[in-house]
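Hello,

Here is the structure I said I would pass on. My notes on it follow below.

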Amino acid sequence: MPPIDPKLFRQTVGQFPTGVSVIATEVDGEIHGMTVNALTSLSLNPTLMLFCVDKRAKMAEFLQRAKGFSINFLREDQQALSTYFAGGWKEQSPPSFRFVPWESAPRLEGCAAALACLVQQTLEGGDHWIIIGEVVALHSGVEPRHPLVFHSGKYRKLNRDEVESAPEIDETHTDIRVFYDPWDEG
């Protein structure tokens, strides 16, 4: 099989819309932040989250020394913070923001929601580290909590109007049997 072209891989994966978050941690009295969208919940019991960080990123080193971190879900009006914490800010002065003390790591004030996590495990995943954190606190920002979304290489806003349904599937195709694995909710 020929190798996958990295540019085409990014374009294809970019068709999956993601939320945008800032990971923050404090090491030696200094707060460090990084924009991430490779983030997901992992487990309900215990409550675990995971995100991925490039091995070359400064944040990778900070997370090796930190006891915890916060995951700060950005609002749609916080695009400037996403750009700033991704290292793409071109202005002389940074955008306005403030971190407030909170549980295991500082929390970004004004975010849509946040999770405080303790670093539980770090795994190798190709050219990235997979950071697993146990959630120890939750924060829900004030309404409206419209999320910042990233899709196809651009920031987006969710359309809050009703949209048309997907087209019906042509039923002349071969039947496909679908199986699912129900879980015990007891």
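Which residue in E12 is the bridge partner of Val-149? Arg-156 is that partner. Strand E11 (residues 149–151) and E12 are paired in the antiparallel sense over three bridges. Strands count as paired if DSSP finds at least two bridges between them.

Before the rest, some ground rules. This is a predicted model, in which local features need pLDDT of at least 70 and side-chain atom pairs count only at pLDDT 80 or more, while totals for chains, interfaces and linings use all residues. Residues are numbered from 1 along each chain as its sequence is written, and side-chain values use heavy atoms, with hydrogens and water left out.

Overall, the chain has three helices and 12 strands; these are DSSP runs numbered from the N terminus, helices being H or I of at least four residues and strands E of at least two. Of its 186 residues, 32% count as buried. Buried means under 20% relative accessible area, exposed over 50%, and partly exposed in between (1.4 Å probe, protein chains only).

The sheet: E11 and E12 belong to an open sheet of three strands, in the order E1-E11-E12, with antiparallel pairing. Strand E1 (18–19) and strand E12 (154–156) are at the edges with a single partner strand each, so one side of each has no neighbour in the sheet.

Helix H2: in this helix (residues 58–65), the buried residues are Met-59, Ala-60, Phe-62 and Leu-63. Seen down the axis of H2, they fall within an arc of 165°, so they line one face of the helix; the arc is that of the directions from the helix axis to the C-beta atoms. Lys-58 and Gln-64 are exposed on the face turned away from the buried side.

Salt bridges: the count is six, a salt bridge being a side-chain nitrogen of Lys or Arg within 4 Å of a carboxyl oxygen of Asp or Glu.

- Arg-65 and Glu-61 form one, at 3.3 Å from N to O. They are four residues apart in H2, which means about one helical turn between them.
- Asp-28 joins Glu-61 and Arg-65 in a network of salt bridges.
- Glu-109 and Arg-98 form another, with their closest N and O atoms 2.5 Å apart. This pair links distant parts of the chain, 11 residues apart: Glu-109 lies in the loop between strand E8 (107–108) and E9, and Arg-98 in the loop between helix H3 (79–85) and strand E7 (99–100).
- Glu-143 pairs with Arg-145, the closest N and O atoms being 3.0 Å apart. Glu-143 is exposed at 56% relative accessibility, whereas Arg-145 is partly exposed at 34%.

Regards
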